2 protein chains.
Amino acid sequence: MRADELANVRGLQLFRDMDDARFADLMRAAYLQTFPPHVQLIQEGDRADFLFIVTEGCVELFAAWNGHEITMMMVEPGGTFILAAVLKDAVHLMSARTAVKSRILMIPAEAVRGAFERDDAFSRSIVLELADCYRGMVKAQKDLKLRSGVERLAARLLRYDREHGGTGTFSLPHDKRTLAALLGMTPENLSRAFATLRPYGVEADGPNVVLSSVADLQRLAKPNPLIDDKAV
Amino acid sequence: MRADELANVRGLQLFRDMDDARFADLMRAAYLQTFPPHVQLIQEGDRADFLFIVTEGCVELFAAWNGHEITMMMVEPGGTFILAAVLKDAVHLMSARTAVKSRILMIPAEAVRGAFERDDAFSRSIVLELADCYRGMVKAQKDLKLRSGVERLAARLLRYDREHGGTGTFSLPHDKRTLAALLGMTPENLSRAFATLRPYGVEADGPNVVLSSVADLQRLAKPNPLIDDKAV
DNA sequence: CCCGATCCTTGATCTGGATCAACGTCCGGG
DNA sequence: CCCGGACGTTGATCCAGATCAAGGATCGGG
């Protein structure tokens, strides 16, 4: 593991306040591995053997039932996944696969639970991390049930713009097929949604997006911090 | 607070392992109150001032945006809500109202955070409780996105039956209007869904339901522990 | 005992989004 | 340099579920 990667991991909310020695123990037990795109990392229903942390690349969490498949979320660098299952020593509710080539830190579940039992600061950090995960799911649920597809796309574009500094110019973090799945729509409908947003100043050229009339777009998307703000 | 109520609260996952004195402190700071039906307890966007625990009755968590309103979940006796917001000292993402006359234990957020800081066993219990909440949301998301309305109703009926001892006879825990909202459909469509399930042995007479052909219903609902099992 | 309100059901219609199909564009490999 | 496949767009059609409308059933209150 490179020194800068180690520093990045150490700086995550989850590990920030952890005891030095305990953190070193965890890292000693962990594996860092690089995976090519589209490799399945976990399968829903399997026992949770590792806590995963994305250090580079991007991982898709998804779920399937009766032949359908849905995308639950995309995990970006600095993000963790499967924390809840690891702590409960339970079975995965979601599957995971790399979206692109990714570097993933894998910490054995046993080690995580051990640190959770023994390190009080760590167990408190876990609380905050889990609270964030939970609230993220609540927001996703609201987004999905309260807004139409076009509104979801509009709100998402505004969020991406905000996260890129609000310049009105950014490029999509995923390909459109993935973005469609993430927004809970088909690729066809995403395409149509982009077309619908053209009159609202949304110019999409491949992955590059320019928002030339943010005010109009906001009037349509009605962004709400209780749905769209990561930090809230 | 009655002695049996106190014992019930003490027995909850959240408080079970807590230090005796600390638990007494928490209870001393708490208010127990009885509310009539349809009283709004919290408003999304407001600061989280209390952790709520339902001891009797039933509370609906809901969210609104742009004039629509959706039901997020129903909290039954023994259930807690707003834990994540209290711990993060953040704003509510959901509103809450009593569905029926309810007894609610309200613990000041300050006291909860204090206990969380000082009582290691409590902070670990919180982790497990939050993990359950998170996984509950994941399951709800899967249920909603992967199944049709009829399938959701079928799976839900099977779950109610299971929770009532699997006798094939039970009564619905909520009125149909509420059940519809909980399943993410309109009352009209819930009514039609019940009609659709009649050939599968579902006899609904008011709140009373008889499942006369569980196997047929299961073939339709394709229940899956990773969606339908509370305990998983 | 009747009235009005609430809840549920049923029917008719509408619509957002899914599905099916075809086509253009880009890109990597032979 | 050309071919084949992945990806995205657009059009046509279909369907689940929402909406609109109306009619019973039940029940509490005057």
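A word on classes: Ala, Val, Leu, Ile, Met, Phe, Trp, Tyr, Cys and Pro count as nonpolar, Asp, Glu, Lys and Arg as charged, and the others, Gly among them, as polar. This is a predicted model, where local features need pLDDT of at least 70, side-chain atom pairs count only at pLDDT 80 or more, and totals for chains, interfaces and linings use all residues. Residues are numbered from 1 along each chain as its sequence is written, chains are lettered from A and ligands numbered from 1 in the order written, and side-chain values use heavy atoms, without hydrogens and water.

Near means that a heavy atom of the residue lies within 4 Å of the strand. The surface near DNA strand C has eight charged, six polar and one nonpolar residue. Among the closest are Gly149(A) and Lys176(B).

Now polar contacts, meaning pairs of N or O atoms within 3.5 Å. Base nitrogens are reached by side chains: Glu188(A) at 3.1 Å and Arg192(B) at 3.0 Å.

Last, the helix pair, with helices taken as DSSP runs (H or I, at least four residues), numbered from the N terminus. In chain A, helix 6 (residues 149-163) packs against helix 9 (residues 214-221) at about 135 degrees, axes 9 Å apart. Axes are lines fitted to C-alpha atoms over the stretch in contact, and angles run from 0 to 180 degrees between N-to-C directions.

Definitions and conventions. Polar contact = N/O pair within 3.5 Å; in protein donor to acceptor, adjacent residues only side chain to side chain. Helix = DSSP H or I, 4+ residues; strand = E, 2+ residues; numbered from the N terminus.
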